[in-house]
Structures are given as C-alpha cells and as structure tokens.
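Please have the sequence and the structure open while reading.

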Amino acid sequence: MVPDPRIAVCPGSYDPVTLGHVDIITRAAGMFDEVIVAVVNASVRKNKTLFDADERMAFIEHATAHLPNVSVDTFDTLVVEYARRRGAKAIVKGLRAISDFEYEFEMNQLNRRLAPDVESVFVMASPQYSFLSSSGIKEMATFGGDIRDLVPEEVAERLQEALAR
Ligand code: ADP
C-alpha cells in the first residue's frame, strides 16, 4: 500500500515574499512530499497589503518554479481549517527571533486546541536572513535602500514601482 503523501502548509501574508521565506519553503520541500504555500487573503492581524493576493502568489510561484513539489494557493479561513481541507498534517513556519517565538507559541496553543491532529513545525531562520521581514523590506525600499540580495529580482523591481506611486 502506498502511504498518504506528507503534506505541509506554509502560511503567511508574503507581502512580498523575501529570500527568507524562500529559504524556509525550500527546506520544507526537502522534508515533505508536498508543500502548499498558503497566502493569507484577508488578515485580521495586519493592515492592508501593498500587493494584492494574486500578485503575492505570482511572486512566490516564480521564486519556487524550480521546486516541483511546491504549489501556491490563497486562503481566508483559520490556518488549521485550511490545512485539514488540503489533507496537510503539518503547518511549517520560520522562526527568526524571540519575538517570533512568543507569537508563534501563543498561536500554536490556540491551534492545538482547535486541531490536535495538525502539528506545527518550526524551522530556524538561516543566519543571513534572520533579520529579514517583509515590513523591513518595504521600509528599506521606501528609502531607497539596496534590497537586491534579500528578495527575488522581480520583487525588487515591482517594489520600486509600487513605492514610487
Ligand atoms: P512577515 O513576518 O515577514 O510579514 P509572513 O507573515 O509573510 O512574514 O510570514 C510567513 C512565515 O515566514 C512566518 O512563519 C514567518 O515567521 C516566516 N518568516 C518570515 N521571514 C522570515 C525569514 N527571514 N526567515 C525565516 N522565516 C521567516
């Protein structure tokens, strides 16, 4: 009998995707049969996004095109509900600093109550990306900082355009 594929969901707002996200997605793709990058369509936590969901998805699709077991989707429900619907047993998240830990620890306790069958897996940020966030990137780009080593090339170009508006 062929075992069920091991599916993981990597949720986030990805506004926009950074090389830190791509690093986590790539490492998840090495550990699971299938990885679904799930882009939050509407988040209660965050304000309006700079890029709409379709554009955020397209950036991730292009940046992960070389990874055959990675796909991209959007969702606007609880992460655990989305994971269950897609048959995923794991939610994979990147951890940068203590501040990420506190937030993720709390979210994990809540998610665990809702869905004890979906496990959260935390992957440590690679040192070169451990300071990198989407909000930091937008701020750097606004003030003309060099972000070329931190985001996919296409994202760097679109950021310049979007912020010039
Ligand atoms: P951000 O916090 O940058 O707005 P998201 O909400 O899009 O990011 O985050 C999606 C996931 O990616 C979260 O688990 C977050 O902790 C993780 N992540 C974001 N940036 C990095 C990074 N530079 N290295 C590792 N993980 C990261």
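Phe-101 has a relative accessible area of 43% and is therefore partly exposed, since this value falls between the 20% and 50% cut-offs. The model is a predicted one, and a search of the whole structure finds three aromatic pairs in it, two of which are described below, including the one to which Phe-101 belongs.

**A buried, tilted pair**
- Phe-75 and Tyr-82 form a tilted aromatic pair, in which the ring centres are 5.2 Å apart and the planes stand at 35° to each other.
- Phe-75 counts as buried because its relative accessibility is 5%, and Tyr-82 likewise counts as buried, with a relative accessibility of 0%.

- Phe-101 and Phe-105 form a stacked aromatic pair, with 5.3 Å from centre to centre and 25° between the planes.
- Both residues belong to helix H4 (residues 98-114), and because they are four residues apart there, about one helical turn separates Phe-101 from Phe-105.

**Glu-161 in helix H6**
- Glu-161 lies in helix H6, which covers residues 153-164, and with a relative accessible area of 46% Glu-161 is partly exposed.
- Between Glu-161 and Val-92 there are 31 Å in space, taken from C-alpha to C-alpha, and in sequence the two are 69 residues apart.

Technical notes. Residues numbered from 1 in each chain as written. Predicted model: local features only at pLDDT ≥ 70, side-chain atom pairs only at ≥ 80, totals over all residues. Heavy atoms only, no water. Phe/Tyr/Trp six-rings, centres within 6.5 Å; stacked < 30°, edge-to-face > 60°. Buried < 20%, exposed > 50% of the residue type's maximum accessible area, 1.4 Å probe, protein only. Helix = DSSP H or I, 4+ residues; strand = E, 2+ residues; numbered from the N terminus.
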